[in-house]
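I opened my notebook to write down how a few parts of this structure sit against each other. I begin with a pair of helices and then turn to a sheet.

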Amino acid sequence: MTDDYLARIGQLIRDARQHRGWTQLQLADALSTSQSAVNRIERGNQNISLEMIARIGEALDSEIVSLGYSGPMHLRVIGGRRLSGSIDVKTSKNACVALLCASLLNSGRTVLRRVARIEEVFRILEVLNSIGVRTRWINDGADLEIQPPAQLDLDGIDADAARRTRSIIMFLGPLLHRESHFKIPYAGGCDLGTRTIEPHMTALRRFGLEITATEGMYHATVNRQITPERPIVLTERGDTATENAVLAAARHDGVTVIRNASSNYMVQDLCFFLEELGVRVEGVGTTTLTVHGVPHIDRDVDYSPSEDPVEAMSLIAAAVITESELTIRRVPVEFLEVELAVLEGMGLNHDLSAEYPADNGRTRLADLTVRPSKLEAPIDKIHPMPFPGLNIDNVPFFAAIAASAHGSTLIHDWVYDNRAIYLTDLNRLGGRLQLLDPHRVLVEGTTRWRAAEMMCPPALRPAVVVLLAMMAAEGTSVLRNVYVINRGYEDLAERLNSVGAQIETFRDI
């Protein structure tokens, strides 16, 4: 490699390491090398093989360079442009991955309509295919057909794909009904701090599941003599923990009561899907779910997941930050009512259409038109709460919105250990965000955004927030290594370009 490429690769590695919050010594330990070697690599003073680059990317969970195609994707953003027209919200990322996991409950054919074609879905499909599940895109790639085999080949599981998604943890609920012994790789995905599977195990132990974690794998054993004889009380009202409990209960031959359950959008979509499979679920939309399980499921089903409220919030934020008039269609308003109330209190000028049903027949949608507004900082802090509170994944968007408002706003992201830290990346673009502690950020507005070149944060929503701020900044910005955005959004740059943005994708290695 030339010295120029070595220096550029070294800079990418250094940025990825710093975004992960690692020291050179921590990276060296992960690679079984010395800190001085890492230092030389980052300075571009050491030859480095493609194999070592791949190992570094795996250690940092960052696509430094990719073997087999032309390298990581970057975005070049010409900012300062106003958006206009209308844009549709895509189907929910989190619902789609839950339904893919739920398809393992069914021996019959499952068709999911308008599945989000995103990296998170692709990783789950790679895992499903590796264990013998047949999947294919139908209807010109709009819909997905899934057919599990009679016997899964869990020894053939694609560990690399599994480790790149946190959704793999939702295989536990379905698999405990199919296998007495199995193993799956540790969950990966966004770098959001220490997150254990103990909230999941609070529920799954009641179905006889025990886990031993060794050498990067969860080793599972199932004692079928153990069944839930009293209500399951979740220790935290987490979305995936609730989904895992519901998935386990779906094929339990009896009635399972789950308390302190999440009632969020993806849980509701999962429950609606299970009802199509013949599983009766009472209390959907509340914190107590009663699941009437079916020991064997063999149905051909056709289901349409609803639209994604977090993507809708992303598009709302895009309009607010760029001071644009934009109509966002197919907004799942019942999961954005608190967010819209906060924005209205800040002075957002907007119109909301009459409500209409989503394709699943259950979720309420509306079309939202956002207009340029003079926003004031909210009186109270911005903080998430379980549904029907302000969505945890929507908190980062309020950092950029608050930066566009007059006054000071306190953002308190109490759920994740280090996501608030990534929000301070907005300071590279002219923001004035002060990190008070790992969970709290003080945002000063208003902001005159300025262009910059930077590495994409390793967490999905903060990464999109940085992209939106770049769209508001006059001049040309570059956001490097946007794999994390592609994990959760389908063709986001192209879709934003369709309403007036100017975003170019490129690769340089």
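**Entry one: two helices**

I kept in mind that the model is a predicted one. For the geometry, I wrote down that helix α12, residues 309–321, packs with helix α16, residues 460–472, at an angle of about 25°, and that their axes are 9 Å apart.

Which residues make the contact? On α12 I listed Val310, Ser314, Ala317, Ala318 and Ile321, and on α16 I listed Arg461, Val464, Leu468, Ala469 and Ala472. Sorting the residues of this contact between α12 and α16, I got eight nonpolar, one polar and one charged.

**Entry two: a sheet**

Next I looked up an open sheet formed by four strands, and I recorded their order as β21-β22-β1-β23, with mixed pairing. I noted in general that strands of a sheet pair through backbone hydrogen bonds, either parallel or antiparallel.

Which strands stand at the edges? They are β21 (453–455) and β23 (503–506), and each has a single partner strand, so one side of each is left without a neighbour in the sheet. From one strand to the next, I wrote, the twist averages 20°.

Finally I followed β21 to its partner: three bridges join β21 to strand β22, residues 475–480, and the two run parallel. Within this pair I marked Met454, which stands opposite Leu479 in β22.

Terms used. Residues are numbered from 1 along each chain as its sequence is written. This is a predicted model: local features need pLDDT of at least 70, side-chain atom pairs count only at pLDDT 80 or more; totals for chains, interfaces and linings use all residues. Side-chain values use heavy atoms; hydrogens and water are left out. Axes are lines fitted to C-alpha atoms, for helices over the stretch in contact, and angles run from 0 to 180 degrees between N-to-C directions. Contact means heavy atoms within 4.5 Å. Ala, Val, Leu, Ile, Met, Phe, Trp, Tyr, Cys and Pro count as nonpolar, Asp, Glu, Lys and Arg as charged, and the others, Gly among them, as polar. Two strands pair if DSSP finds at least two bridges between them.
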